[in-house]
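Me: I am new to this structure and would like to understand what the words used for it rest on. Please set each value against its definition as we go.

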Amino acid sequence: MLSRHLLNVARDAAMRQMVRQASNGNNIATKIGKREVVGYGWSGEPVYYDRVDYPFPAIRWQEPTPQIQALREKEKGDWKKLSIDEKKALYRASFCQTFAEFKHPTGEWKGCLGWTLVFTSMAILFSLWMNLFVYDELPASFSEENKKAQLKRMLDLEVNPIHGLASKWDYENKRWK
């Protein structure tokens with residue numbers, strides 16, 4: 001009994017020291033209220049956040065009420081005497097959500113995909129509008145003279161001689177096969 005009391009005193013002193021270190025001199029009680037600090041927490045800060053990679057937050061989810069305090073006293077005894085509803089109430093006092101609840105997909109990806117498609121379609125429409133109405137003339141490389149010069153250059157360089165353009169040109173007779 002005495003050793004349990006000493007362990008509780010040492011644990012409480014360690015928690016107070018940890019809160020002092022994490023708060024960097026700020027009054028942490030104004031931020032967390034009466035919620036109990038139960039661990040080191042994510043990044044050493046006494047904050048609550050549901051995370052899969054760090055499942056035990058530094059503080060409890062709810063501030064203690066008389067009903068929850070009575071349940072906490074009852075939980076120190078035999079857990080078989082606790083009903084399912086009491087166990088759930090204790091869990092909900094410490095945690096906001098279960099793993100299944102905070103890992104459940106939210107459907108947020110649908111909105112992200114929708115807005116991405118909206119902006120992509122707007123960019124495509126803008127580029128079409130620019131090409132059709134703003135630029136009155138096509139670039140010089142689209143003229144017939146430049147197209148013929150480009151074809152002649154490709155034939156002179158023998159581009160893709162096996163299956164491509166150069167394979168269909170007769171270099172001895174200077175005509176298409």
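Me: Which residues make up the largest nonpolar core, and what makes a set of residues a nonpolar core?

Reply: This is a predicted model, in which local features need pLDDT of at least 70 and side-chain atom pairs count only at pLDDT 80 or more, while totals for chains, interfaces and linings use all residues. Residues are numbered from 1 along each chain as its sequence is written, and side-chain values use heavy atoms, with hydrogens and water left out. A nonpolar core is a set of buried Ala, Val, Leu, Ile, Met, Phe, Trp, Tyr and Cys residues joined through side-chain atoms within 4.5 Å, and the largest one here consists of five residues, Ile32, Val37, Tyr48, Ile59 and Phe95.

Me: What does Ile32 touch, leaving out residues up to four places away in sequence?

Reply: Contact means heavy atoms within 4.5 Å, and on that basis Ile32 touches Val37, Pro46, Ile59 and Glu63.

Me: Why is Ser167 called buried?

Reply: Buried means under 20% relative accessible area, exposed means over 50%, and partly exposed is in between, with a 1.4 Å probe and protein chains only. Ser167 has a relative accessible area of 18%, so it counts as buried. Ser167 sits in the loop between helix 7 and strand 1 (169-170), where, apart from neighbours within four places in sequence, it is in contact with Asn160, Pro161, Ile162 and Lys177.

Me: Why do Cys96 and Cys112 count as partly exposed?

Reply: Cys96 has 25% relative accessibility and Cys112 has 44%, so each counts as partly exposed.

Me: How many disulfides does the structure hold?

Reply: A disulfide is a pair of cysteine sulfur atoms within 2.5 Å, and the structure holds zero of them.

Me: How do you know that the span of helix 7 agrees with its number of residues?

Reply: Helices (H or I, at least four residues) and strands (E, at least two) are DSSP runs, numbered from the N terminus. The expected span of a helix is 1.5 Å times one less than its number of residues. Helix 7 (residues 144-156) has 13 residues and should therefore span 18 Å, and because its end C-alpha atoms are 18 Å apart, the two values agree. After helix 7 comes Glu158, with a positive phi near 55 degrees.

Me: How many helices and strands does the protein have, and what pattern does it follow along the sequence?

Reply: The protein has seven helices and two strands, and reading along the sequence gives α-α-α-α-α-α-α-β-β.
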